[in-house]
Structures are given as C-alpha cells and as structure tokens.
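Subject: Structure handover

Dear colleague,

My notes on it follow below.

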Amino acid sequence: MKRLFTSNTESQSYRVFICRSIILCFSVSLCLDSVHAQTDWTMQQCMQYAVEHNHEVKRAELELDNYKASKTGAIGRFLPSLDASIGAQYNFGRAIDPETNGYTDVSTFYNGYSLSASLPVFDGFSRVHALKAAKASVLMGQSALRQQQDQTALNVLQTYTEVMFHQGLVKMAEEKLQETTLLLEQTRLFEEVGRKSAADVAQVESQQAEADYELTRQQNLYATAMLEMKKAMGFPLTDSLSLVFVPTEETAGFHGGNPEFPRREHILNSELSSELQQARYQVQTSKHEWHQARASLLPALSLSTGLSTTYYKTLGNDAAESFRNQMKNNMGEYIGATLSIPLFNRLQTITSIRRAKNNYQIAREAYEQKQLELDKLSREAWQDWQGYLKQTVQMEKKVEADSIAYQLTRRQFEEGLSTAIDLHTTSSQLLNSKATLLQCQLMAMVKEQLVRYYNGETIWTE
C-alpha cells in the first residue's frame with residue numbers, strides 16, 4: 001500500500017512537470033513570435049527589400065542579360081562559320097545517271113556529304129562598330145538596372161514618408177482623444193459642483209466627438225498608406241509591417257546655419273549618376289550604330305573553303321563500287337574568295353544611314369537635356385533640404401511655445417478664466433504645430449536622400 005502511494009505521488013509530480021514544460025515552451029514560442037512580429041523596419045531596410053523583390057528591377061536584370069547576349073553574338077561575328085550537310089535521295093523513273101550524266105529509267109540511290117567554312121575578311125568595319133555598340137549597350141543596361149533600383153528605392157521612400165506621417169498623426173489623434181475624454185470627465189465633475197455650466201459640458205463633448213472622428217479618419221488614411229507601401233515594396237499585403245522613423249545625424253543634429261551651396265560636381269556627379277550614365281552610353285551606342293550603317297557603303301570581302309563527296313548505287317545492281325571507294329574517289333575540295341560591291345539597293349542604305357544619324361543626334365540632345373534637368377533637380381533638392389532643416393528647428397520652438405500656451409489655457413479653463421472655445425483653439429494650434437513639425441522632419445529626410453542620390457551615392461543600402 002505504501003509502495004502504491006509513492007508511485008501515485010511520483011506520477012502526479014511527473015504530470016505537473018510535463019504541464020509546466022509545455023506551458024514554458026508555449027510561452028517561449030509566443031515571445032519569439034511577438035519579437036518577430038514586432039520587428040521594426042527602418043527606411044533602408046524597406047528600400048533594400050523593395051530593390052530585391054521589385055518586378056521592374058527583375059525585368060531590368062533580364063534586359064541586361066539580353067544586352068550581354070547581344071555582345072556575345074557580336075564577338076561571334078569575328079569567328080568563321082562552319083557548315084556540314086548530309087543528303088540522301090531515291091530516284092524512281094526517269095533520272096540522270098551520275099556516272100554517265102545520261103538519262104536512265106532505273107531506280108537509283110544517291111547519297112551526298114559536304115563540309116564548308118567561310119570567313120569574312122573585310123566588311124567596312126561593320127563588325128567592329130557592332131561590337132563597340134554591344135559593349136556600350138551592356139554598360140547602358142547596367143546603368144539602367146542601377147537607375148531602376150534607385151527609382152524603386154525613391155518610390156518606397158515616398159510611401160514610407162506618407163506612412164510615417166499618418167502614423168504620427170494617428171498617435172497625435174489618440175493622445176488628443178484621451179486628453180479630451182479626461183477633460184470631459186473633469187468638466188462633468190465641475191458641473192456637478194457648480195463650477196461649469198451645461199454649455200461648457202456640451203462644448204467639451206463636441207470636442208471629444210471631433211477627436212474621435214479625427215482618429216478614425218487618420219487610421220483609415222494610415223491603413224491606405226500602408227497598403228501602398230507594401231505594394232511598392234512587393235511585400236505580402238496580408239503580413240504585418242511595423243515601421244520606425246530614425247532621424248539621420250544631419251537631420252537630428254542640425255541647429256541652423258546657412259551653408260554655402262557647393263559646387264556643381266559636389267552635387268551632380270556625372271560619373272556616378274546612373275541616369276546620366278544611361279544617357280551617355282545611349283549616345284555611344286547610337287554613334288556606333290550610325291558608323292555601322294555607313295559601313296554598308298563599302299565593299300565586303302570574304303573567303304570560303306569546303307569539301308564534298310557522294311555515293312551512288314543502282315538498285316538491283318550488285319556490281320557497284322563499295323561505299324568506301326566511292327567516298328574516296330568522289331571527294332572534291334574547293335577554295336574561293338567573294339568580293340561584294342554595293343551599287344544600288346533602292347536607296348535603302350542611304351535611308352538607314354540617315355535614320356541612324358538622326359538617332360545619334362536625338363541621343364545627344366536627350367543627354368544634354370537630362371544633364372540640365374538633373375542639375376536643376378539636384379540644386380532644388382539641396383535648397384529644399386536646407387530649408388526643411390531650418391523649418392524643423394523653428395517648428396520645434398513653435399511646438400514648445402504652443403504647448404505652454406495650451407497648458408496655461410487649460411489651467412485657466414479649469415479655474416473658469418477661459419472658455420472651452422479658447423481651449424479648443426489652443427489645442428488645435430498645438431496639434432497643427434506637431435503635425436507640421438513631423439512633416440518637416442520627414443521632408444528633411446527625403447530631401448537628404450535625394451541629395452545623396454544626385455551625388456551618386458547608393459541610398460538603398462545600410
């Protein structure tokens with residue numbers, strides 16, 4: 001009996017141990033899931049994810065591979081071409097006898113083999129310009145890929161800014177709703193003791209309803225901005241995404257000043273700007289295509305060589321020579337040179353040259369226009385960046401002043417020295433100042449990234 005009791009006690013302790021272990025494992029799993037779900041994404045992480053998953057970037061990578069394939073084909077044009085052919089033929093009825101070159105009515109079997117090679121010696125340097133154009137196209141494809149990556153990062157940066165702005169407004173609206181709710185309760189208590197009237201309570205109730213409406217509106221705008229953000233990133237729409245705003249050192253540590261606008265090369269570096277590189281390589285490609293088209297006016301010289309042999313047999317005749325002897329005896333070789341001189345092809349060559357020259361001029365104009373446009377945008381981005389940095393410092397002072405004014409007005413409202421309308425006015429002014437401050441901080445971050453982009457830096461990596 002004592003032994004049975006001991007066994008039951010151990011069994012019960014074992015069950016308790018198992019239950020505690022299961023609970024502990026489940027708790028650890030929930031903690032890990034919570035940590036994973038609450039991981040905050042920075043701006044660079046969002047842009048890096050978008051660059052790796054964006055469909056336009058993947059399409060640019062495939063286009064770059066096509067340019068590389070075209071370059072391989074241009075290199076192959078310098079190599080000789082080699083062809084081999086095998087033919088078999090049964091003749092029934094009237095045909096030519098290969099042995100006598102006369103007509104015969106006997107059924108025969110004919111088998112032929114040939115091997116030929118050709119090498120272009122001179123084609124007006126068409127192959128040389130084609131190879132140079134292919135190399136420039138590869139460089140243009142690389143610049144296009146980089147430009148698409150940068151553009152994707154900039155699009156994500158724009159949506160990220162909108163999400164962070166609405167997220168900040170949601171937090172402000174929540175604080176406003178909580179504050180007006182407490183103020184409404186306080187005003188109702190003051191009404192009970194006779195310090196406030198029913199009109200004051202109604203005005204505070206109106207403010208509380210307005211704050212509740214504003215919170216709902218900002219939550220909807222935040223949800224819409226988040227969907228747009230996930231779409232720009234290529235992020236699954238059903239998965240949760242938590243963002244965090246980390247001010248840069250320049251934005252967080254700016255305290256006024258009027259730095260001199262740097263020289264042009266410090267902002268718009270044509271050697272590093274992907275858009276300018278793409279336009280420049282397009283000019284080079286068009287130039288070599290123009291020269292390639294002009295090469296069609298020059299004569300072309302090519303060499304060729306080959307060998308051939310045949311096997312012939314009359315069906316039903318066993319006296320024919322063996323296959324080996326005929327392959328050896330019928331063997332023939334040749335070597336030749338071909339000179340092609342273009343005389344007249346209905347003005348097609350002239351038309352092609354004219355079109356290629358126009359394309360080259362168009363590419364040059366596009367490059368100069370792109371250079372002027374990027375120079376203007378880079379200067380605007382720098383000026384806007386400095387302006388938003390100054391506005392951020394000014395708005396910080398304004399938020400501090402509006403906060404003091406609101407606290408004083410609320411104290412006066414509690415003491416009966418001001419009305420609910422005055423309190424609502426100062427509260428709205430403080431909320432607008434906070435929203436403007438957040439907007440200035442975010443826009444300063446955006447303009448800083450644009451300045452880095454125009455300076456040739458990679459903005460979508462840590």
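How many of the 462 residues of the protein count as buried? The share is 35%, where buried means under 20% relative accessible area, exposed means over 50% and partly exposed lies in between, with a 1.4 Å probe and protein chains only.

Some ground rules come before the rest. This is a predicted model, in which local features need pLDDT of at least 70 and side-chain atom pairs count only at pLDDT 80 or more, while totals for chains, interfaces and linings use all residues. Residues are numbered from 1 along each chain as its sequence is written, and side-chain values use heavy atoms, with hydrogens and water left out.

Confidence

The protein averages a pLDDT (the predictor's confidence in each residue, from 0 to 100) of 84, and 85% of the residues score at least 70. The secondary structure comes to 11 helices and eight strands; these are DSSP runs numbered from the N terminus, with helices being H or I of at least four residues and strands E of at least two.

Contacts and single residues

Among contacts between residues at least 6 apart in sequence, 82% join residues at least 24 apart. Ser 137 lies in helix 4 (residues 126–192). Ser 137 has a relative accessible area of 11%, so it counts as buried. Leaving out residues up to four places away in sequence, Ser 137 touches Tyr 67 and Thr 285.

Arg 294 is in helix 8 (residues 274–294). Its relative accessibility is 40%, so Arg 294 counts as partly exposed.

Helix 10

Helix 10 (residues 348–414) has 67 residues and should span 99 Å at 1.5 Å a residue; the expected span is 1.5 Å times one less than the number of residues. The end C-alpha atoms of helix 10 are 91 Å apart, which agrees. Just after helix 10, Gly 416 takes a positive phi of about 85 degrees.

Pocket and cavity

Both were searched for on a 1 Å grid over the protein atoms alone: a cavity is a set of points where a 1.4 Å probe fits but cannot get out, a pocket is an open set with protein on both sides within 12 Å along at least five of seven lines, and lining residues have an atom within 4 Å of a point. Grid points are joined across faces, edges and corners, and a volume is the space filled by probe spheres set on the points.

The largest pocket holds about 300 Å³ of space. It is lined by 15 residues, of which Glu 210, Glu 214, Ser 428, Leu 431 and Asn 432 are the closest to its centre. Helix 4, helix 5 (198–233) and helix 11 (420–454) each give two or more residues to this lining, and helix 11 gives the most, with six.

The whole structure has one cavity of 30 Å³ or more. The largest cavity holds about 40 Å³, and its lining includes Arg 146, Asp 150 and Tyr 453. Helix 4 and helix 8 each give two or more residues to that lining.

Regards

Note on methods: Contact means heavy atoms within 4.5 Å.
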